[in-house]
Amino acid sequence: MKNIGFLSFGHWTDHPQSGTRSASDALHQAIDLAVAAEELGADGAYFRVHHFAQQYASPFPLLAAIGARTERIEIGTGVIDMRYENPLYMAEDAGAADLISRGRLQLGISRGSPEQVIDGWRHFGFEPAPGQTDADMGRAHTERLLEVLTGEGFAEPNPRPMFPNPPGLLRVEPHAPGLRDRIWWGSGSTATAQWAARLGMNLQSSTLKDDENGKPFHVQQAEQIEVYRQAWKEAGHEREPRVSVSRSIFALVDERDWSYFGRDRYSSDQVGHIDEKTRAVFGRSYAGAPDELVAKLAEDEAIAAADTLLLTVPNQLGVDYNAHVIESILKYVAPELGWR
């Protein structure tokens with residue numbers, strides 16, 4: 001059995017063939033798709049965050065709106081770039097969104113990815129400490145966020161406050177109980193997966209990772225998951241961790257599917273460089289008639305190892321078509337693989 005959700009990057013472009021022409025379109029369609037996905041029986045609605053791009057960038061208003069319109073579906077991110085985040089302000093926003101959704105927030109965070117602009121985090125007022133890299137800064141912001149989300153007081157109260165204070169040190173409000181256990185780290189390497197495990201974060205492994213041994217993408221990802229779970233065990237955490245993987249999967253069941261994604265039947269892993277230092281392997285897309293998909297997906301070792309599968313959706317094709325994509329997987333593929 002698996003949790004099955006969708007992951008949207010929220011692209012928009014003012015082009016006649018785009019079903020998502022503006023930021024307003026992208027946000028409203030995201031809400032509508034989350035509602036539709038819940039009605040179809042999907043388990044999660046997740047959104048990617050990219051700054052300085054025509055994509056989702058400020059997730060908490062969107063997550064709160066979805067939380068208010070839905071009842072059951074998990075709402076989350078995959079991922080927020082922590083280099084850009086004030087941990088305390090983020091804890092307030094996340095706490096509010098989690099309370100609005102009544103405890104359904106699954107917050108995926110990471111050190112970030114290649115950007116639209118040079119050192120974009122500088123424009124947000126952040127600078128690595130002397131001797132640190134921007135990645136170090138992102139991880140430091142993460143550790144501070146995790147501390148704040150415990151709900152322990154840390155701020156000295158004013159002896160003459162505007163409003164009465166509870167006794168002792170004060171914490172960031174609103175506090176969302178349990179949210180600390182619903183933080184996920186988007187890991188692209190074995191080392192960061194181990195680090196996330198030690199800190200008690202769930203694991204999000206996407207459609208690319210550092211190419212650390214030349215093996216097929218799904219095999220490297222399965223190895224990463226195994227190392228992560230071992231590190232979790234060694235850390236002595238009491239709860240069981242969650243692990244998600246993301247995939248582009250399209251069941252070809254009508255003419256639209258074949259027109260859009262028929263060529264992806266022949267997709268394969270790709271290898272490239274996400275920066276001048278990092279060689280990465282990019283996972284293949286999956287497309288085919290339902291029986292073909294079942295056979296192909298049964299061989300994916302990382303999907304087998306994960307408890308949560310996020311289906312990346314082509315959001316610019318519109319809410320109705322993306323709901324069809326999700327429904328096709330839930331109806332024709334998931335039961336045959338024992339995911340439902």
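Predicted model: local features only at pLDDT ≥ 70, side-chain atom pairs only at ≥ 80, totals over all residues.
Helix α1 spans residues 23-40 and helix α11 spans residues 319-333; they pack at an angle of about 30°, and their axes are 10 Å apart. Angles under 35 degrees count as roughly parallel, so α1 and α11 are roughly parallel to each other. Their crossing is right-handed.

## A three-stranded sheet

Three strands form an open sheet in the order β8-β12-β11, and their pairing is antiparallel. The edges are β8 (208-210) and β11 (270-273), each of which pairs on one side only. On average, and ignoring direction, neighbouring strands of this sheet are turned by 30° against each other.

Strand β12 covers residues 279-282 and pairs with β11 in the antiparallel sense over four bridges. Here Gly-272 stands opposite Ala-280, a residue of β12. A helix also lies across part of the sheet: α7, residues 217-235, lies across β8 and β12 and runs at about 70° to β8.

Most residues other than glycine have a negative phi, and most peptide bonds are trans.

One joins Gly-78 and Val-79, with omega about 10°; Val-79 sits in the loop between β3 (74-77) and β4 (80-81). Another joins Glu-173 and Pro-174, with omega about 0°. Pro-174 belongs to the loop between α5 (134-149) and β6 (183-186).

The remaining case concerns phi. Phe-52 is a residue other than glycine, yet its phi is positive, near 60°. Phe-52 is found in the loop that lies between β2 (44-47) and α2 (59-69).

## The annotated domain

An unreviewed UniProt entry carries the annotation "domain: Luciferase-like" for residues 9-303. In the model, this span is 37% helix and 16% strand, and its end C-alpha atoms lie 21 Å apart.

Methods. Residues numbered from 1 in each chain as written. Heavy atoms only, no water. Pairing = 2+ DSSP bridges. Helix = DSSP H or I, 4+ residues; strand = E, 2+ residues; numbered from the N terminus. Axes fitted to C-alpha atoms, helices over the stretch in contact; angles between N-to-C directions. Contact = heavy atoms within 4.5 Å. Parallel < 35°, antiparallel > 145°, perpendicular 65-115°, else oblique. Left-handed = near helix turned anticlockwise from the far one by under 90°. UniProt positions renumbered as here; feature names shortened; annotations may be inferred.
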